[in-house]
Amino acid sequence: MNDSQFKVLLYSDGSHQAFSAAVYTATLLQNMPDMQLTVLRVIEENESPLFKAYDWRDTWPATPTSEWMKHVLSESGNETKKEYYKILRKTNQIFFNQGYNVAHKEIYTKGSSDAPNDTSHIEDIILDYANTNSFDQIIIGTRGLSSFKGLIFGSLAHNLLNKSTIPVMLIKKLPQEFIDNYLENC
């Protein structure tokens, strides 16, 4: 790796928000030739933490949530489905284009069964990985919890933003104008 590269960590949890963050990150990757991207997934399981590489093509978007896939594939009209697949195709094309430096990492961990809405162990894993590997930026999708829900449960994205010494970019649902521009050259 070249020392002059800008190292970006994109966190993906398979949600619609993570997909928006990936699409936004793909545009950055196209416009920043010195960017090195690592896409990170944290997977909770009953074994000791294990670090391993994975192939994005097998999991894009990384283990999509059933709610999101139901919305995209079942409840959406044909135009929405076509647009989704067009966005997916272009994003994959950008991430797999020769010359782009994109790595993929999964971290397996035991979950926190005591507090199912507690995301602090995931925050700690992301921050530890980002700091250990000297990332310059963390990108994560966010849905923007209401202030009441945010007060009660917190938000992984907002908690990362508050805890991290590395700059964190929060990506909400992308506006249609952004998507239209993104797809313009497909």
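Biologist: At roughly what angle do the axes of helix α1 and helix α4 cross?
Modeller: This is a predicted model. Helix α1 spans residues 16-31, and helix α4 spans residues 78-96. Their axes come within 10 Å. They cross at roughly 45 degrees.

Biologist: Why is α1 called oblique to α4?
Modeller: Angles under 35 degrees count as roughly parallel, and 65 to 115 as roughly perpendicular. The crossing is at roughly 45 degrees, so α1 is oblique to α4.

Biologist: Which hand does the crossing of α1 past α4 have?
Modeller: Two packed helices are described by the angle between their axes and the distance between the axes. The hand of this crossing is left-handed.

Biologist: How many nonpolar, polar and charged residues does the contact of α1 with α4 have?
Modeller: From α1 come Phe 19, Ala 22, Val 23, Ala 26, Leu 29 and Gln 30. They meet α4 residues including Tyr 84, Ile 87, Lys 90 and Thr 91. By class, the contact has ten nonpolar, two polar and one charged.

Biologist: How far apart in sequence are the parts that Arg 41 and Glu 106 tie together?
Modeller: The two side chains meet in a salt bridge, 2.7 Å from N to O. Arg 41 lies in strand β2 and Glu 106 in strand β4, so the pair ties together parts that are 65 residues apart.

Biologist: Over residues 46-63, under what value does the pLDDT stay?
Modeller: The protein chain averages a pLDDT of 77, and 68% of the residues score at least 70. Residues 46-63 have 50 contacts beyond four places in sequence. Even so, their pLDDT stays under 50.

Technical notes
Residues are numbered from 1 along each chain as its sequence is written. This is a predicted model: local features need pLDDT of at least 70, side-chain atom pairs count only at pLDDT 80 or more; totals for chains, interfaces and linings use all residues. Side-chain values use heavy atoms; hydrogens and water are left out. pLDDT is the predictor's confidence in each residue, from 0 to 100. Contact means heavy atoms within 4.5 Å. Axes are lines fitted to C-alpha atoms, for helices over the stretch in contact, and angles run from 0 to 180 degrees between N-to-C directions. Helices (H or I, at least four residues) and strands (E, at least two) are DSSP runs, numbered from the N terminus. Angles under 35 degrees count as roughly parallel, over 145 as roughly antiparallel, 65 to 115 as roughly perpendicular and the rest as oblique. A crossing is left-handed if the near helix is turned anticlockwise from the far one by less than a right angle, and right-handed if clockwise. Ala, Val, Leu, Ile, Met, Phe, Trp, Tyr, Cys and Pro count as nonpolar, Asp, Glu, Lys and Arg as charged, and the others, Gly among them, as polar. A salt bridge is a side-chain nitrogen of Lys or Arg within 4 Å of a carboxyl oxygen of Asp or Glu.
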